[in-house]
Amino acid sequence: MSTVAKQTRQLTLGEMQSPLAAIPEKSVEHGEVFTRRWVVDLILDLAGYTPDRDLAELLAVEPACGTGAFLASMAARLSASCRKHDRPLLDAKRAVRAFDLLTPNALASRRLAQDVFVDDGWPPAEAREVATSWVRQGDYLLDAHVDDGVDLVVGNPPYVRLEDVPADRMAAYRAACPTMTGRSDLYVGFFERGLRSLRQGGVLAFICADRWMRNQYGRQLRELISARYSLDVTVTMHDVDAFEEQVSAYPAITVIRRAPQSAAVVADTRRAFGSQDAPELLEWIANPESVPWADDRYEIARLPHWFSGGHSWPTGSPSRLALIEDLNECFPPLEDAETGTRVGIGVATGADSVFITTGADVEPRRLLPLSMVRDTTSGTLEWSGHYLVNPWGADGQLVDLDALPRLRAYYERHAAALKRRHVAGKRPAHWYRTIDKVDHSLVARPKLLFPDMKSEIHPVLDEGNFYPHHNLYYIVSDAWDLRVLGGLLLSRVAQAFVEAYAVRMRGGTLRFQAQYLRRIRVPRPETISPAAQAALAAAFDQRDTRAATEVALRVYGIEESGDLIDGRAGVRGGSS
């Protein structure tokens with residue numbers, strides 16, 4: 001069981017060493033990104049916080065209320081609900097809990113909520129009493145007054161940089177919110193504390209940067225959600241003017257329920273999306289029979305369930321995500337013990353200028369032919385004549401330098417550089433080792449090679465002559481004809497998987513690392529007809545991505561092949 005899947009008691013401010021250094025007000029103010037009213041209303045509607053419900057009976061929490069963007073709308077809805085359900089306003093004194101670090105913000109939020117009530121005709125004294133009871137100046141992540149059994153947590157968590165948080169306060173945050181690992185942003189803690197406070201069936205609805213869904217620092221938060229919650233809705237709003245000021249926050253609305261995972265709605269809005277489109281979006285989500293839709297304002301689809309686990313969740317258009325989810329359901333992963341298919345990475349040395357050569361003066365058997373990224377450029381492996389000056393014996397142990405005088409002399413000429421490496425410092429007697437051991441059995445095995453950085457997937461066959469360098473990933477298999485598998489992996493279907501999961505660098509370059517290659521799903525080799533196998537192998541030999549994609553679509557059973565690149569294809573079940 002993961003760390004976050006276990007019950008973790010949250011520490012309160014009183015249990016920490018006190019007083020904690022405050023986050024500088026300038027940093028808090030810099031982290032305030034105020035949400036437009038129509039976006040607030042969309043979030044509250046998605047969360048089910050609507051006047052037709054008896055909102056005075058619910059407990060809603062706004063963990064970072066700022067100057068009241070969410071509270072104003074919540075006050076208006078609660079006022080309407082009280083009138084609809086024939087309740088006095090004072091019944092709502094405990095219906096909302098709001099927090100903010102800054103005293104001026106807490107005061108402004110109280111005044112705003114009070115004004116909403118007075119403008120709606122409630123007595124000023126009652127309006128003041130309810131508004132005052134709602135808003136508390138305090139740190140939501142550490143405050144002892146955060147309730148359990150909450151019906152709704154809603155808002156826009158602060159965008160405060162990690163380096164702006166004093167060390168003692170950050171330590172307290174990490175103790176209270178164990179999902180805040182690595183270079184986590186503060187909003188991860190807001191997600192965790194909000195989720196843990198929910199009653200069964202309660203809902204958290206935030207607008208926030210969506211990087212936690214993919215970055216390493218969001219891993220434990222993803223594990224927590226997968227273990228206990230249902231991600232019901234995500235609405236990506238990267239290009240929408242959702243805030244009062246222009247910010248580069250990559251925001252998304254995320255609605256998460258404390259319940260087993262069920263169907264998930266995924267929407268991706270365009271720049272033209274605005275307040276006029278929100279009712280249509282809500283109507284689509286409310287209708288379980290809605291079919292996928294896309295136009296110049298937004299695209300939307302319903303997945304049978306959301307992606308699980310702590311690994312990065314895929315990104316892409318709703319229909320692309322639906323395709324990836326269908327393929328995940330229908331086919332096994334590329335790395336598979338049943339077929340003996342394994343993904344690995346070439347040898348890292350820590351000192352390439354010493355270990356990699358085109359002709360070092362050492363014993364010939366110590367030169368291991370090495371494949372490099374440059375050797376794969378054409379799509380056919382063209383060896384550039386590089387070798388690894390290999391310190392490893394066939395038994396997996398370091399060789400005895402006393403038995404290899406030329407190798408010893410070579411390493412000793414470069415001893416200063418080799419001994420500076422971290423790996424040498426850990427074991428000084430093994431100062432001449434490479435970071436990775438060499439698996440000599442890999443040399444003679446046929447393998448597909450993949451350059452680490454490329455805009456498109458680029459499998460290249462090594463028929464069993466070389467050992468890969470660290471910038472190359474490789475695939476070996478006991479069951480696959482690697483030319484057939486190479487054809488599948490040359491296709492746009494394999495590219496779609498990598499695009500969904502991998503980190504994209506500037507200029508559109510993707511990282512084809514082992515963790516992303518392992519996310520590719522493939523059919524069982526025995527289910528592919530001889531004709532399809534021959535066509536895939538031919539496409540691989542000819543480096544014909546289009547032909548490989550056409551065959552792969554049939555093998556995967558993907559309909560509407562012309563739309564695959566746009567992600568609008570659907571799966572009908574495998575076919576060869």
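Student: Why does Asp296 count as exposed?
Tutor: This is a predicted model, and the value is computed from it. Asp296 has 59% relative accessibility. Exposed means over 50%. The value passes that cut-off, so Asp296 counts as exposed.

Student: Why does Arg297 count as buried?
Tutor: Its relative accessibility is 18%. Buried means under 20%, so Arg297 falls in that class.

Student: What makes the contact of Asp296 and Arg297 a salt bridge?
Tutor: Their side chains meet at 3.9 Å, N to O. The definition asks for a side-chain nitrogen of Lys or Arg within 4 Å of a carboxyl oxygen of Asp or Glu. The pair meets that, so the name applies.

Student: How many salt bridges does the structure hold?
Tutor: It holds 37. One of them joins the side chains of Asp239 and Arg271, at 4.0 Å, N to O.

Student: What does the pair of Asp239 and Arg271 tie together?
Tutor: Asp239 lies in the loop between strands E6 (230-236) and E7 (251-257). Arg271 lies in the loop between strand E8 (264-269) and helix H9 (278-286). The pair therefore ties together parts that are 32 residues apart in sequence.

Student: Are Asp239 and Arg271 buried, partly exposed or exposed?
Tutor: Asp239 has 39% relative accessibility. Arg271 has a relative accessible area of 64%. That is over 50%, so Arg271 is exposed.

Student: How do you know that Arg492 and Glu499 form a salt bridge?
Tutor: Their side chains meet at 3.4 Å, N to O. The cut-off is within 4 Å, so the pair qualifies. Arg492 has 16% relative accessibility and counts as buried.

Student: Now the strands. Why is E13 said to be largely enclosed by the rest of the structure?
Tutor: E13 spans residues 367-371. Four of its five residues are buried, so the strand is largely enclosed.

Student: How do you know that E13 pairs with E14?
Tutor: Pairing needs at least two bridges. Three bridges join E13 to E14 (residues 387-389), and the strands run antiparallel. Leu367 stands opposite Val389 in E14.

Student: In what sense does E13 pair with E18?
Tutor: E13 and E18 (residues 467-468) pair in the parallel sense, over two bridges. Ser371 stands opposite Pro468 in E18.

Student: What is the order of the four strands in the open sheet?
Tutor: The order is E12-E14-E13-E18, with mixed pairing. E12 (356-357) and E18 stand at the edges. Each has a single partner strand, so one side of each is left without a neighbour in the sheet. E12 and E14 pair in the antiparallel sense over two bridges, and Ile356 stands opposite Leu388 in E14.

Student: Last topic, the cores. Which residues have the most contacts inside the largest nonpolar core?
Tutor: They are Trp134, Trp212, Ile253, Leu489 and Ile520, in a core of 147 residues. Strand E5 (residues 198-209) gives the most to this core, with eight residues. Apart from this core lies another, of 37 residues, Leu388 and Tyr474 among them.

Notes:
Residues numbered from 1 in each chain as written. Predicted model: local features only at pLDDT ≥ 70, side-chain atom pairs only at ≥ 80, totals over all residues. Heavy atoms only, no water. Core = buried A, V, L, I, M, F, W, Y, C linked by side-chain atoms within 4.5 Å. Buried < 20%, exposed > 50% of the residue type's maximum accessible area, 1.4 Å probe, protein only.
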